[in-house]
Amino acid sequence: GDVTVKNNKFSGNKYGRIYLRDPNQDNLTFLVEGNSIKGSGDNSGHMEGIVINGLNREVEVLIKNNTLENRYDGISVEGNYNNTPTITGNTISGTQKQSTGINVYSKIKATIENNTIENKQNGIRVQYSDANGDGSSVIKGNVIKGNSGYGIRVESYAKPVISLNDIENNNGYFVDNQTTYTVDARNNWWG
């Protein structure tokens with residue numbers, strides 16, 4: 001049935017994370033809300049904050065109002081069913097050596113809105129793997145600053161609309177477009 005992970009505190013753990021995968025029926029809801037996950041400070045992999053993968057069925061995904069500190073990837077969502085997760089209101093921070101704040105890939109068309117990502121290696125990465133799909137997503141109203149790499153990276157067949165974000169003081173490209181498409185990145189604050 002539906003899965004809710006809400007209002008928990010995880011601290012001082014190296015490998016612990018919220019990990020949901022491979023739903024076995026359609027029309028489920030995954031809600032991850034109000035959790036605090038603070039790592040031990042180790043920068044190695046396999047210590048993500050929130051991971052949802054293997055989405056090969058119709059699942060509604062809402063990840064909101066979580067605080068993630070010192071995790072490898074803060075939030076990672078993957079699937080092959082054209083799911084449309086909403087990732088909103090999260091605060092993700094690191095030590096500039098850890099991977100990506102929000103990472104969505106395969107056939108995921110996310111709405112990534114009103115999150116704060118600071119002091120990670122990279123801010124947001126969207127990748128869409130189906131050349132025949134629409135690859136649409138929305139990246140709106142986020143604060144992405146102080147990262148040692150890129151602010152937002154767009155890969156493969158992703159076609160996000162990037163607007164009303166505060167993208168500043170990142171050492172890499174503010175928007176790193178690795179696709180052959182023109183990315184709509186109007187109306188952002190570039191610091």
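Modeller: Two strands count as paired if DSSP finds at least two bridges between them. This model is predicted. Let us start with its sheet.

Biologist: What makes strand 16 and strand 19 a pair, and in which sense do they run?

Modeller: They share 5 bridges. The rule asks for at least two. Strand 16 and strand 19 therefore pair, and the sense is parallel.

Biologist: On to charges. How do you know that K6 and E33 form a salt bridge?

Modeller: Their N to O distance is 3.6 Å. The cut-off is 4 Å between a Lys or Arg side-chain nitrogen and an Asp or Glu carboxyl oxygen. The pair therefore qualifies. K6 sits in strand 1 (residues 3-6) and E33 in strand 4 (residues 28-33). They are 27 residues apart, so this bridge links distant parts of the chain.

Biologist: Is K6 buried, partly exposed or exposed, and what about E33?

Modeller: K6 has a relative accessible area of 42%. That falls between 20% and 50%, so K6 is partly exposed. E33 has 14%. Buried means under 20%, so E33 is buried.

Biologist: What makes D130 and K107 a salt bridge?

Modeller: The closest N and O atoms are 3.4 Å apart, and the limit is 4 Å. D130 lies in the loop between strand 15 (122-128) and strand 16 (136-140). K107 belongs to strand 12 (residues 100-108), so the bridge ties together parts 23 residues apart in sequence. K107 has a relative accessible area of 19%, which makes it buried under the 20% limit.

Biologist: How do you know that D176 and R153 form a salt bridge?

Modeller: The N to O distance is 2.7 Å, which is within 4 Å. D176 is in strand 21 (residues 175-177) and R153 in strand 18 (residues 152-156). The two sites are 23 residues apart in sequence. D176, at 7% relative accessibility, is buried. R153, at 24%, is partly exposed.

Biologist: Which residues are joined into one network?

Modeller: R125, R153, E155 and D176 are, through salt bridges that share partners. The count for the model comes to 12 salt bridges.

Biologist: Which residues line the largest cavity?

Modeller: I108, V126, Q127, Y128, G135, S136, S137 and A158 do. Strand 15 and strand 16 are the elements that give two or more residues to this lining. Strand 15 gives the most, with 3 residues.

Biologist: How does that lining divide into nonpolar, polar and charged?

Modeller: There are 4 nonpolar, 4 polar and no charged residues. Gly counts as polar, and G135 is one of the lining residues.

Methods: Residues are numbered from 1 along each chain as its sequence is written. This is a predicted model: local features need pLDDT of at least 70, side-chain atom pairs count only at pLDDT 80 or more; totals for chains, interfaces and linings use all residues. Side-chain values use heavy atoms; hydrogens and water are left out. Helices (H or I, at least four residues) and strands (E, at least two) are DSSP runs, numbered from the N terminus. Buried means under 20% relative accessible area, exposed over 50%, partly exposed in between (1.4 Å probe, protein chains only). On a 1 Å grid over the protein atoms alone, a cavity is a set of points where a 1.4 Å probe fits but cannot get out, and a pocket is an open set with protein on both sides within 12 Å along at least five of seven lines; lining residues have an atom within 4 Å of a point.
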